[in-house]
Amino acid sequence: MALAPRTDRRPSMTRTLWHSTVGKKAVMAVSGLIMLAYLVVHMFGNLKIFFGPDTFDAYAHWLRTIGEPFMHYEWTLWVVRVVLVAAVVAHATAAYQLSRRDLRARPDRYVHRRPRASYATRTMRWGGVILGLFLVWHLLDLTTGTVHAGFRPGHPYENVVATFSTWYGNAVYLLAMLALGLHVRHGFWSAAQTLGAGSRTRDRLLVTLANLLALVLTLGFIAVPVGVMTGLVS
(Lines give C-alpha, C1' and ligand atoms only; values in the text may rest on other atoms or scores of the structure.)
Protein backbone atom coordinates (compact mmCIF):
# COMPACT_ATOMS: atom_id res chain seq x y z
CA MET A 1 0.00 0.00 0.00
CA ALA A 2 1.44 3.33 -1.05
CA LEU A 3 2.17 5.85 1.63
CA ALA A 4 0.27 9.12 1.48
CA PRO A 5 2.44 12.10 0.64
CA ARG A 6 3.43 14.28 3.58
CA THR A 7 1.59 17.57 3.75
CA ASP A 8 3.23 19.02 6.85
CA ARG A 9 5.81 21.41 5.55
CA ARG A 10 8.08 23.17 7.94
CA PRO A 11 7.85 26.96 7.70
CA SER A 12 10.89 28.73 6.33
CA MET A 13 13.35 30.41 8.68
CA THR A 14 12.30 33.84 7.38
CA ARG A 15 8.62 33.10 8.02
CA THR A 16 9.37 31.74 11.48
CA LEU A 17 11.45 34.81 12.33
CA TRP A 18 8.76 37.20 11.12
CA HIS A 19 6.04 35.52 13.18
CA SER A 20 8.10 35.65 16.37
CA THR A 21 8.09 38.62 18.71
CA VAL A 22 11.88 38.81 18.59
CA GLY A 23 11.80 38.80 14.78
CA LYS A 24 9.27 41.62 14.61
CA LYS A 25 11.32 43.68 17.06
CA ALA A 26 14.42 43.06 14.93
CA VAL A 27 12.55 44.22 11.82
CA MET A 28 11.48 47.34 13.67
CA ALA A 29 15.03 48.00 14.83
CA VAL A 30 16.68 47.59 11.42
CA SER A 31 13.99 49.51 9.51
CA GLY A 32 14.09 52.24 12.14
CA LEU A 33 17.86 52.63 11.80
CA ILE A 34 17.50 52.86 8.00
CA MET A 35 14.97 55.67 8.40
CA LEU A 36 17.14 57.35 11.04
CA ALA A 37 20.13 57.40 8.67
CA TYR A 38 17.93 58.98 6.01
CA LEU A 39 16.64 61.60 8.46
CA VAL A 40 20.18 62.68 9.37
CA VAL A 41 21.11 63.12 5.70
CA HIS A 42 17.78 64.83 4.94
CA MET A 43 18.24 67.27 7.81
CA PHE A 44 21.67 68.34 6.60
CA GLY A 45 20.27 68.78 3.09
CA ASN A 46 17.43 70.94 4.41
CA LEU A 47 19.87 73.24 6.18
CA LYS A 48 21.32 74.24 2.81
CA ILE A 49 18.33 76.54 2.51
CA PHE A 50 20.21 79.01 4.73
CA PHE A 51 22.79 79.43 1.95
CA GLY A 52 20.24 80.88 -0.44
CA PRO A 53 17.98 79.76 -3.28
CA ASP A 54 20.77 78.97 -5.75
CA THR A 55 22.51 76.56 -3.36
CA PHE A 56 19.28 74.91 -2.22
CA ASP A 57 17.85 74.50 -5.73
CA ALA A 58 21.20 73.15 -6.99
CA TYR A 59 21.19 70.59 -4.17
CA ALA A 60 17.64 69.53 -5.06
CA HIS A 61 18.70 69.10 -8.69
CA TRP A 62 21.81 67.11 -7.67
CA LEU A 63 19.62 64.63 -5.81
CA ARG A 64 18.00 63.76 -9.14
CA THR A 65 21.28 63.32 -10.99
CA ILE A 66 23.20 61.15 -8.49
CA GLY A 67 24.99 58.34 -10.31
CA GLU A 68 24.81 59.82 -13.80
CA PRO A 69 25.63 58.79 -16.43
CA PHE A 70 25.50 55.19 -15.15
CA MET A 71 22.13 55.84 -13.51
CA HIS A 72 19.50 57.70 -15.50
CA TYR A 73 17.87 60.87 -14.24
CA GLU A 74 16.15 60.27 -10.86
CA TRP A 75 16.91 56.53 -10.86
CA THR A 76 19.05 56.74 -7.72
CA LEU A 77 16.43 58.89 -6.05
CA TRP A 78 13.79 56.29 -6.85
CA VAL A 79 15.97 53.52 -5.41
CA VAL A 80 16.19 55.51 -2.17
CA ARG A 81 12.43 56.06 -2.21
CA VAL A 82 11.70 52.35 -2.68
CA VAL A 83 14.04 51.41 0.18
CA LEU A 84 12.42 54.02 2.43
CA VAL A 85 8.88 52.90 1.55
CA ALA A 86 9.85 49.29 2.30
CA ALA A 87 11.36 50.39 5.64
CA VAL A 88 8.28 52.43 6.57
CA VAL A 89 5.88 49.61 5.67
CA ALA A 90 7.94 46.99 7.53
CA HIS A 91 8.31 49.27 10.57
CA ALA A 92 4.62 50.18 10.73
CA THR A 93 3.43 46.60 10.14
CA ALA A 94 5.70 45.15 12.81
CA ALA A 95 4.72 47.91 15.25
CA TYR A 96 1.01 47.33 14.68
CA GLN A 97 1.27 43.56 15.02
CA LEU A 98 3.38 43.81 18.17
CA SER A 99 0.88 46.25 19.63
CA ARG A 100 -2.01 43.90 18.91
CA ARG A 101 -0.07 40.97 20.33
CA ASP A 102 0.70 42.92 23.49
CA LEU A 103 -2.95 43.88 23.97
CA ARG A 104 -4.10 40.28 23.53
CA ALA A 105 -1.52 39.06 26.04
CA ARG A 106 -2.66 41.44 28.78
CA PRO A 107 -6.00 40.88 30.53
CA ASP A 108 -8.26 43.85 31.21
CA ARG A 109 -7.91 43.50 34.97
CA TYR A 110 -4.48 43.57 36.52
CA VAL A 111 -3.92 43.12 40.22
CA HIS A 112 -0.59 44.93 39.95
CA ARG A 113 -0.18 47.51 37.25
CA ARG A 114 3.17 48.09 35.57
CA PRO A 115 5.16 51.10 36.71
CA ARG A 116 4.42 54.19 34.65
CA ALA A 117 6.67 54.40 31.64
CA SER A 118 8.34 57.57 30.45
CA TYR A 119 6.35 60.09 28.41
CA ALA A 120 8.21 59.10 25.24
CA THR A 121 7.49 55.40 25.79
CA ARG A 122 3.78 55.97 26.44
CA THR A 123 3.41 58.11 23.30
CA MET A 124 5.38 55.94 20.87
CA ARG A 125 2.24 54.57 19.26
CA TRP A 126 0.52 57.90 18.84
CA GLY A 127 3.81 59.44 17.77
CA GLY A 128 4.09 56.86 15.01
CA VAL A 129 0.55 57.66 13.82
CA ILE A 130 1.31 61.40 13.81
CA LEU A 131 4.51 60.84 11.83
CA GLY A 132 2.72 58.59 9.34
CA LEU A 133 0.05 61.21 8.71
CA PHE A 134 2.69 63.93 8.47
CA LEU A 135 4.66 61.92 5.90
CA VAL A 136 1.60 61.80 3.64
CA TRP A 137 1.02 65.54 4.11
CA HIS A 138 4.70 66.36 3.50
CA LEU A 139 4.78 64.43 0.22
CA LEU A 140 1.54 66.00 -0.98
CA ASP A 141 2.83 69.43 -0.01
CA LEU A 142 6.45 69.61 -1.21
CA THR A 143 6.84 66.63 -3.56
CA THR A 144 3.66 66.45 -5.63
CA GLY A 145 2.27 69.89 -4.75
CA THR A 146 -1.25 68.45 -4.41
CA VAL A 147 -2.11 70.44 -1.26
CA HIS A 148 0.20 73.35 -2.06
CA ALA A 149 -1.78 76.10 -3.78
CA GLY A 150 1.23 77.98 -5.17
CA PHE A 151 3.44 74.96 -5.90
CA ARG A 152 5.98 75.48 -8.71
CA PRO A 153 7.76 72.35 -9.99
CA GLY A 154 11.53 72.82 -10.13
CA HIS A 155 11.54 75.64 -7.54
CA PRO A 156 12.07 73.87 -4.18
CA TYR A 157 13.38 76.94 -2.34
CA GLU A 158 10.33 78.98 -3.28
CA ASN A 159 7.97 76.13 -2.39
CA VAL A 160 9.53 75.64 1.06
CA VAL A 161 9.33 79.36 1.85
CA ALA A 162 5.69 79.45 0.72
CA THR A 163 4.79 76.47 2.92
CA PHE A 164 6.36 77.95 6.04
CA SER A 165 4.78 81.33 5.39
CA THR A 166 1.42 79.88 6.43
CA TRP A 167 0.35 79.25 10.03
CA TYR A 168 -0.98 75.77 9.29
CA GLY A 169 2.18 74.73 7.44
CA ASN A 170 4.25 75.70 10.48
CA ALA A 171 1.82 74.13 12.97
CA VAL A 172 1.77 70.76 11.18
CA TYR A 173 5.54 70.69 10.75
CA LEU A 174 6.43 71.75 14.30
CA LEU A 175 4.03 69.23 15.86
CA ALA A 176 5.45 66.45 13.68
CA MET A 177 9.06 67.35 14.52
CA LEU A 178 8.34 67.26 18.25
CA ALA A 179 6.78 63.82 17.78
CA LEU A 180 9.83 62.82 15.75
CA GLY A 181 12.19 63.83 18.55
CA LEU A 182 10.33 61.71 21.10
CA HIS A 183 10.11 58.80 18.66
CA VAL A 184 13.85 58.89 17.89
CA ARG A 185 14.78 59.26 21.55
CA HIS A 186 13.01 56.09 22.58
CA GLY A 187 13.32 54.22 19.28
CA PHE A 188 17.09 54.47 18.98
CA TRP A 189 17.64 53.11 22.49
CA SER A 190 15.10 50.32 21.92
CA ALA A 191 16.73 49.37 18.60
CA ALA A 192 20.14 49.19 20.28
CA GLN A 193 18.75 46.88 22.97
CA THR A 194 17.00 44.67 20.40
CA LEU A 195 20.15 44.30 18.31
CA GLY A 196 22.24 43.41 21.35
CA ALA A 197 24.24 46.63 21.64
CA GLY A 198 23.11 47.36 25.17
CA SER A 199 24.98 46.43 28.30
CA ARG A 200 25.50 47.75 31.81
CA THR A 201 28.55 49.71 30.69
CA ARG A 202 27.07 50.98 27.41
CA ASP A 203 23.50 51.82 28.43
CA ARG A 204 24.38 55.29 29.72
CA LEU A 205 26.24 56.06 26.48
CA LEU A 206 23.32 54.79 24.39
CA VAL A 207 20.83 56.90 26.33
CA THR A 208 23.04 59.96 25.90
CA LEU A 209 23.41 59.27 22.18
CA ALA A 210 19.64 58.77 21.82
CA ASN A 211 18.96 62.10 23.56
CA LEU A 212 21.58 63.86 21.43
CA LEU A 213 20.23 62.45 18.17
CA ALA A 214 16.68 63.41 19.09
CA LEU A 215 17.73 66.94 20.04
CA VAL A 216 19.87 67.52 16.95
CA LEU A 217 17.22 66.20 14.56
CA THR A 218 14.43 68.17 16.21
CA LEU A 219 16.36 71.43 16.23
CA GLY A 220 17.78 70.83 12.76
CA PHE A 221 14.40 70.28 11.16
CA ILE A 222 12.68 73.05 13.14
CA ALA A 223 15.40 75.51 12.10
CA VAL A 224 13.92 75.78 8.58
CA PRO A 225 10.40 76.98 9.49
CA VAL A 226 11.87 79.17 12.24
CA GLY A 227 14.23 80.66 9.65
CA VAL A 228 11.32 81.51 7.40
CA MET A 229 9.21 82.92 10.25
CA THR A 230 12.06 85.16 11.44
CA GLY A 231 13.02 86.34 7.97
CA LEU A 232 16.41 84.63 7.85
CA VAL A 233 15.06 82.65 4.90
CA SER A 234 12.92 84.62 2.48
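At what angle do helix α6 and helix α8 pack, and how far apart are their axes? The legends below take up this pair and then the whole chain.

**View 1. Packing of helix α6 against helix α8 in the predicted model.** Helix α6 covers residues 124–142 and helix α8 covers residues 167–194. The two pack at an angle of about 135°, and their axes lie 9 Å apart. Angles over 145 degrees count as roughly antiparallel and those from 65 to 115 as roughly perpendicular; α6 and α8 are therefore oblique to each other. The crossing of α6 past α8 is left-handed.

**View 2. Residues in the contact of α6 with α8.** On the α6 side, the contact is made by Met124, Gly127, Gly128, Ile130, Leu131, Phe134, Trp137 and His138. On the α8 side, they meet Tyr168, Val172, Tyr173, Ala176, Met177, Ala179, Leu180, Leu182, His183, His186 and Gly187. By class, the residues of this contact comprise 13 nonpolar, six polar and no charged.

**View 3. Secondary structure of the protein.** The predicted model has nine helices and zero strands. Read from the N terminus, the order of elements is α-α-α-α-α-α-α-α-α. Of the contacts between residues at least 6 apart in sequence, 67% join residues at least 24 apart.

Key: Residues are numbered from 1 along each chain as its sequence is written. This is a predicted model: local features need pLDDT of at least 70, side-chain atom pairs count only at pLDDT 80 or more; totals for chains, interfaces and linings use all residues. Side-chain values use heavy atoms; hydrogens and water are left out. Axes are lines fitted to C-alpha atoms, for helices over the stretch in contact, and angles run from 0 to 180 degrees between N-to-C directions. Helices (H or I, at least four residues) and strands (E, at least two) are DSSP runs, numbered from the N terminus. Angles under 35 degrees count as roughly parallel, over 145 as roughly antiparallel, 65 to 115 as roughly perpendicular and the rest as oblique. A crossing is left-handed if the near helix is turned anticlockwise from the far one by less than a right angle, and right-handed if clockwise. Contact means heavy atoms within 4.5 Å. Ala, Val, Leu, Ile, Met, Phe, Trp, Tyr, Cys and Pro count as nonpolar, Asp, Glu, Lys and Arg as charged, and the others, Gly among them, as polar.
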